[in-house]
Amino acid sequence: MDAVRLTVEPEGEVVEVPRGTSLFHAARELGINITSDCGGHGECGKCFVRLRSEPNEPTAVDRRMLAKDRLDMGTRLSCRYLLQTDTVVYIPPGKRRQNRYA
Ligand code: FES
């Protein structure tokens with residue numbers, strides 16, 4: 001498997017997933033359900049998280065839904081963020097919820 005590692009802070013939990021997996025779905029592998037009203041389809045704008053490692057370029061959906069200052073700070077929509085390299089992300093407790101789309 002061509003894999004990449006996602007580290008989730010503040011716990012420091014790590015999951016290995018196939019390259020190209022969305023951050024949204026990789027977090028689920030750790031039992032972390034990121035806030036969403038659209039189930040990961042890039043429509044609600046609620047699944048944003050803050051990258052601690054160097055982020056990918058924003059997608060067109062990121063640019064449409066997130067303010068420039070947030071993009072500049074490394075915030076991205078987790079459902080549009082495809083993991084290409086080992087990545088570190090901070091997902092605060094307020095961005096998680098219980099199994100609504102699990
Ligand atoms: S989950 Fe709705 S935009 Fe990402």
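## Close-up views of a predicted model

Read along the sequence, the chain runs β-β-α-β-β-α-α-β-β-β.

**Figure 1. The whole chain at a glance.** Welcome to the overview. Taken along the principal axes, the C-alpha atoms of the chain fill a box of roughly 30 × 30 × 25 Å. The radius of gyration is 12 Å, which agrees with the value near 13 Å that a compact globule of 102 residues would have. Buried residues make up 25% of the 102 residues. Among contacts with a separation of 6 or more, 60% join residues 24 or more positions apart.

**Figure 2. The five-stranded open sheet.** In what order do the five strands of the open sheet lie? The order is S2-S1-S6-S4-S5, and the pairing is mixed. Strand S2 (13-18) and strand S5 (75-77) are the edge strands, each pairing on one side only. On average, and with direction ignored, neighbouring strands of this sheet are turned by 40° against each other.

**Figure 3. Arginine 50 and its partners on either strand.** This view moves in on strand S4 (residues 48-51), which pairs with strand S6 (residues 87-90) in the antiparallel sense over two bridges. S4 also pairs with S5, again in the antiparallel sense, here over three bridges. Which residues stand across from arginine 50? In S6, the bridge partner of arginine 50 is tyrosine 90, while in S5 threonine 75 stands opposite arginine 50.

**Figure 4. The largest nonpolar core.** Here we look at a set of 17 residues, in which Leu23 and Ala27 touch the most other members. Strand S1 (3-9), helix H1 (23-29) and S4 each give two or more residues to this core. H1 provides the largest share, with four residues. Leaving aside neighbours within four places in sequence, alanine 27 is in contact with Val8, Ile32, Ile34, Ser78 and Ile91.

Figure 5. Leucine 23 belongs to helix H1. Is leucine 23 buried or exposed? Leucine 23 counts as buried because 26 other C-beta atoms lie within 10 Å, and the cut-off for being buried is 20 or more. Not counting residues up to four places away in sequence, leucine 23 touches Leu6, Val49, Ser78, Tyr81, Leu83 and Val89.

**Figure 6. Leucine 82 in its loop.** Leucine 82 sits in the loop between S5 and S6. Why does leucine 82 count as partly exposed? The reason is that leucine 82 has 16 C-beta neighbours inside 10 Å, and partly exposed residues fall between the limits of 12 or fewer for exposed and 20 or more for buried. Setting aside residues up to four places away in sequence, leucine 82 touches Gly20 and Ser22. The C-alpha atoms of leucine 82 and glycine 20 are separated by 4.9 Å, although these residues are 62 residues apart along the chain.

Figure 7. The last stop is the loop between S1 and S2, where proline 10 has its place. The peptide bond from glutamate 9 to proline 10 is cis, with omega near 15°.

Key
Residues are numbered from 1 along each chain as its sequence is written. This is a predicted model: local features need pLDDT of at least 70, side-chain atom pairs count only at pLDDT 80 or more; totals for chains, interfaces and linings use all residues. Two strands pair if DSSP finds at least two bridges between them. Axes are lines fitted to C-alpha atoms, for helices over the stretch in contact, and angles run from 0 to 180 degrees between N-to-C directions. Two residues are in contact if their C-beta atoms, placed from the backbone, lie within 7 Å. A nonpolar core is a set of buried Ala, Val, Leu, Ile, Met, Phe, Trp, Tyr and Cys residues joined through C-beta atoms within 7 Å. The radius of gyration is taken over C-alpha atoms; the globule rule is 2.2 Å times the number of residues to the power 0.38.
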